[in-house]
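Trainee: I have a model open and would like to go through it with you. Could we begin with the strands?

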Amino acid sequence: MSNIGNYDERLKNFDWSISEKELGYKKGDVINIGWYCSDRICQMGKGNKMALIWEGLGGVEKKYTYNDVRLKSNTIGTFLRSLGIKNEDRVCLFMDKIPELYIGLLGILKIGAIAQPLFSAFGDDSLLVRLENAETSAIITQRKHLPKVRKIVEKMPFLKHIIIVDYDGKHPLRDKEVAFSMDEATPVEKFEIFPTKAESPSILHYTSGTTGQPKGVKHVHYSLISQYLTTKWVLDIQENDIYWCTADPGWVTGTSYGIIGAFSTGVTQCVLDSGFAAEAWYKFIEKNKVTMWYSAPTAIRSLMKAGDEIIKKYDLSSLRHLASVGEPLNAEAVVWSEKVFGKQFHDSYWQTETGSIMISNYPGMKIKPGSMGKPFPGITATIIDPETYEPIKEEGKVGLIAIKPGWPSMMRTYWNNEETYKNKFKNGWYLPGDRSTIDKDGYFWFIGRDDDIINTGGHLVSPFEVESALLEHEAVAESAVVSKPDDVNMEVVKAFVTLKPGFTASADLDLNIMNFIRKKLSPLAMPQEIEFIDTLPKTRSGKIMRRILHAKEWGEEIGDISSLEND
Ligand code: PRX
């Protein structure tokens, strides 16, 4: 029997107090995610239960029980306090998927500070804009990422501490740098958790915008109410599950479901800290007897590409429930997963700003391959007309996805950017910026984004950020960045560039520009191709029309070009 039981029944009787009751939370109480994810599970008698089974490169393994997670998050919290870090200070986690990241986040929350997880593949420029925006007080990192931090440290007077979790004593530490070893530090038993309330800030996640700098999405401790219940009802986490969320906590799925959802439900989860390789993944499932697997379409398509033969080498019969998030999950992937694993991937739709799953396919509900499913109970979602902002009644018509604000894990603002936050609401609806249709049975079918953001392999890339990096190169006069189709990543980044007088297009110049922007962008945002062209299509007012370049790449109709300058 699934946790959600009958979806339609749940819809009728839904109230978020169901989640509050299960968590033993009453309005006005102290609510601290760090406590809920460790101390509470121990108080429930599960201190000796395995919380985290971690595997790194070369098969090294580390294991932590819930009691270990409790004590080590206390230890980290105590250490941060000893440095003078206090509630609401921003503390950045800039690490690979190592245990210190998972447990460190809880330690930060326990002292009431705000955790700012950042993807460790970010280059120094990407790191700098995000730390500057948040005026981050401390960064927790690994030796291997230290050079990037050192490169920008002079530009960050607000940054007081650089905490290195794997210092080997070989090279002297510099100003602001301090070593801390989570596994070697004396476990702290007595610890006073900061009494955060529902609206106290918890996590700051950065996400790409169409224009301007990345936006800091501010979440609060009350988000737990959504994250806990969606983990139970959508991911169907049960007492004896072995859960594997493949996402990196540098992104929202890795925190909402890789840390908060996982630990607050008291499940045993495993983490593989190495890049993608089909056989390694299957081996990991077999070895850990994974039962619940939450992954992403690009990974699933890569597994499809690796072929069905290798699957036969592994015993994957432990798999009980599969789910996916981050980008459109094509119907073929769902059909394929049923064929090879005997289970369908259940698509789920949400975003950094929503903090938890909004639309999904539920255990026991009929899946229509290619559809995102239906709104989570407690979520009122529809599609609205892009001009009138009124709900669309006609079946099959495309509209903007619109969600009624008010669920617990909704972002509270964009950090220092209230205006952009307010612009996300129209006519009483929150607009995630996506387009969809709804069929007669109430299933949502994703159409595409409503802005120029590129979703490559589940990672959002702002064309503006890539264009700005290109423009800093001495040869580049203008640039326009769009997506082009790709088998595995669904779409990849393509740049169009016009050159300044005196420069001519060549393979050398292409390479030179690529090397130049590589230092500025995260590897995920790197263009797969640069095309040199004479002029870019522009409106009469001089705005570059990415839409036209995009349509050409995708072989689509170009549409209305009446405002085009060079037509
Ligand atoms: O465009 C939608 C797409 O990813 C965006 C959110 O990205 P991000 O904030 O990085 O969070 C990703 C993980 C929650 C959405 O606005 N997206 C997410 N899930 C789906 C999706 N597109 C199609 N189908 C999905 N299931």
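Trainee: Which residue of strand 16 is the bridge partner of I359?

Mentor: That partner is P375. Please bear in mind that this is a predicted model. Strand 15 (residues 359–360) and strand 16 run antiparallel and are joined by two bridges.

Trainee: What is the strand order in the open sheet of nine strands?

Mentor: The order is 2-1-11-10-12-13-14-15-16, and the pairing is mixed.

Trainee: Which strands stand at the edges?

Mentor: Strand 2 (61–65) and strand 16 (374–375) do; each has a single partner strand, so one side of each lacks a neighbour in the sheet.

Trainee: Which strands does helix 12 touch?

Mentor: Helix 12 packs on the sheet against strand 12 (292–295), strand 13 (321–325) and strand 14 (345–349), and its direction makes about 115° with that of strand 13. Helix 5 (residues 66–82), for its part, lies across strand 1 (50–55) and strand 2, at about 90° to strand 2.

Trainee: At what angle do the axes of helix 11 and helix 12 cross?

Mentor: The axes of helix 11 (residues 278–288) and helix 12 (residues 297–306) cross at roughly 105° and come within 9 Å. The two helices are therefore roughly perpendicular. A278, W281 and Y282 of helix 11 meet A299, L303 and A306 of helix 12. By class, this contact has six nonpolar residues, with no polar and no charged ones.

Definitions and conventions: Residues are numbered from 1 along each chain as its sequence is written. This is a predicted model: local features need pLDDT of at least 70, side-chain atom pairs count only at pLDDT 80 or more; totals for chains, interfaces and linings use all residues. Side-chain values use heavy atoms; hydrogens and water are left out. Axes are lines fitted to C-alpha atoms, for helices over the stretch in contact, and angles run from 0 to 180 degrees between N-to-C directions. Helices (H or I, at least four residues) and strands (E, at least two) are DSSP runs, numbered from the N terminus. Angles under 35 degrees count as roughly parallel, over 145 as roughly antiparallel, 65 to 115 as roughly perpendicular and the rest as oblique. Contact means heavy atoms within 4.5 Å. Ala, Val, Leu, Ile, Met, Phe, Trp, Tyr, Cys and Pro count as nonpolar, Asp, Glu, Lys and Arg as charged, and the others, Gly among them, as polar. Two strands pair if DSSP finds at least two bridges between them.
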